[in-house]
Amino acid sequence: MALSALNLIAQVKARCGRSGDTVLLTDTVVLAFLNDAQRNIVESVIDLQCMQMDSKDSLDISAGTMRYGITDITNTLIDDTNAIPAAIFNVIELDGNESTPLQFLPTDEFDLNYPDLTSTDYPASQPSVWTRRGDYVSGKIEIYPACTTDHDSNTIRVIGTWYAKDFSATTGTRASQLTNADNGLIFWGLKESWGIIGGEYGQVEVGKWEAKYQQWLEQYRDNNGTLHEWEANLYHTEIE
């Protein structure tokens, strides 16, 4: 059974011999380490199966509109309250049996091909390519070309990976959304905790727990990665 935030904090502090510490290695400090660990795991295993995002009803295409807010995406597979996307692999315009996957272009290539999106030199049509502009907090999905009125209100399906929700309280009873990740969270927490405890012994412990975390992460990637980016056309240049 996955451990709650309360139990994870207790595990980390006990292994450091700091169970009663309310000055240096406080519960709040360890909670921040656990949230950092969740983000690092998702970013290191970006195709993580348990955090898959499949949004089919949060973004609708509007005629003439080329930019859509990433924060408007919702995830129908997991509870996404106060969470944000970690990666977007695929963008598809839904229109029944005429649904069309859009090709991903890196931002620099997108800008090189379409430097002035609002120009009438780029007539409206069916969207065919997309890129991501900015980060996943305030960024946008940009599509080209802008759709015509016959595509207006079609839904944009977005497939990707979601960050795990932060633990919000040191006494929280909710487990991480990351499947079978307790050991990784604890190893990261121990590494960071010994870093602030310091001293010669502390530095030795940092190295030990860093090695354990990296070994765990490699195995976790092997067990839980799905490599959706190959299907998602992130490697869009033809391979001969």
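**Exercise 1.** Is tryptophan 162 buried or exposed?

*Solution.* Keep in mind that we're working with a predicted model here. Start by finding the residue: tryptophan 162 belongs to strand E7, which covers residues 155-162. Next, check its relative accessible area, which comes to 1%. Buried means under 20%, so tryptophan 162 is buried.

**Exercise 2.** In which order do the 7 strands of the open sheet run?

*Solution.* Go across the sheet and you read E1-E7-E3-E4-E5-E6-E2, with mixed pairing. Now look at the edges: strand E1 (52-60) and strand E2 (67-69) each pair on one side only. On average, neighbouring strands are turned by 35° against each other, direction ignored. Then zoom in on strand E4 (residues 100-104) and strand E5 (residues 129-133): they run parallel and are joined by 2 bridges. Across from phenylalanine 104 you'll find tryptophan 130 in E5.

**Exercise 3.** Which residues have the most contacts inside the largest nonpolar core?

*Solution.* That core has 56 residues, and the ones to pick out are Ile73, Ile88, Ile141, Leu178 and Tyr220. Helix H2 (residues 27-44) supplies its largest share, 7 residues. Apart from it there's another core, of 9 residues, including Phe110 and Tyr122. Now follow tyrosine 220: leaving aside neighbours within four places in sequence, its contacts include Ile41, Val45, Leu48 and Leu178.

**Exercise 4.** How many aromatic pairs does the structure hold, and which kind do phenylalanine 110 and tyrosine 114 form?

*Solution.* There are 8 pairs. For phenylalanine 110 and tyrosine 114, the centres are 5.4 Å apart and the planes make an angle of 70°. An angle over 60 degrees counts as edge-to-face, so that's what this pair is. Phenylalanine 110 is buried, at 0% relative accessibility, and tyrosine 114 is buried too, at 16%.

**Exercise 5.** What kind of aromatic pair do tryptophan 216 and tyrosine 220 form?

*Solution.* Here the values are 4.6 Å centre to centre and 20° between the planes, and the pair is stacked. Both residues are buried. Because they are 4 residues apart in helix H5 (residues 199-224), about one helical turn separates them. Now widen the view: ring pairs link Trp188, Tyr213, Trp216 and Tyr220 into a cluster. Finally, lysine 191 lies over the face of tryptophan 188, at 3.9 Å from the ring centre.

Technical notes
Residues numbered from 1 in each chain as written. Predicted model: local features only at pLDDT ≥ 70, side-chain atom pairs only at ≥ 80, totals over all residues. Heavy atoms only, no water. Buried < 20%, exposed > 50% of the residue type's maximum accessible area, 1.4 Å probe, protein only. Core = buried A, V, L, I, M, F, W, Y, C linked by side-chain atoms within 4.5 Å. Contact = heavy atoms within 4.5 Å. Pairing = 2+ DSSP bridges. Axes fitted to C-alpha atoms, helices over the stretch in contact; angles between N-to-C directions. Phe/Tyr/Trp six-rings, centres within 6.5 Å; stacked < 30°, edge-to-face > 60°. Lys NZ or Arg CZ within 6 Å of the ring centre and 35° of its normal.
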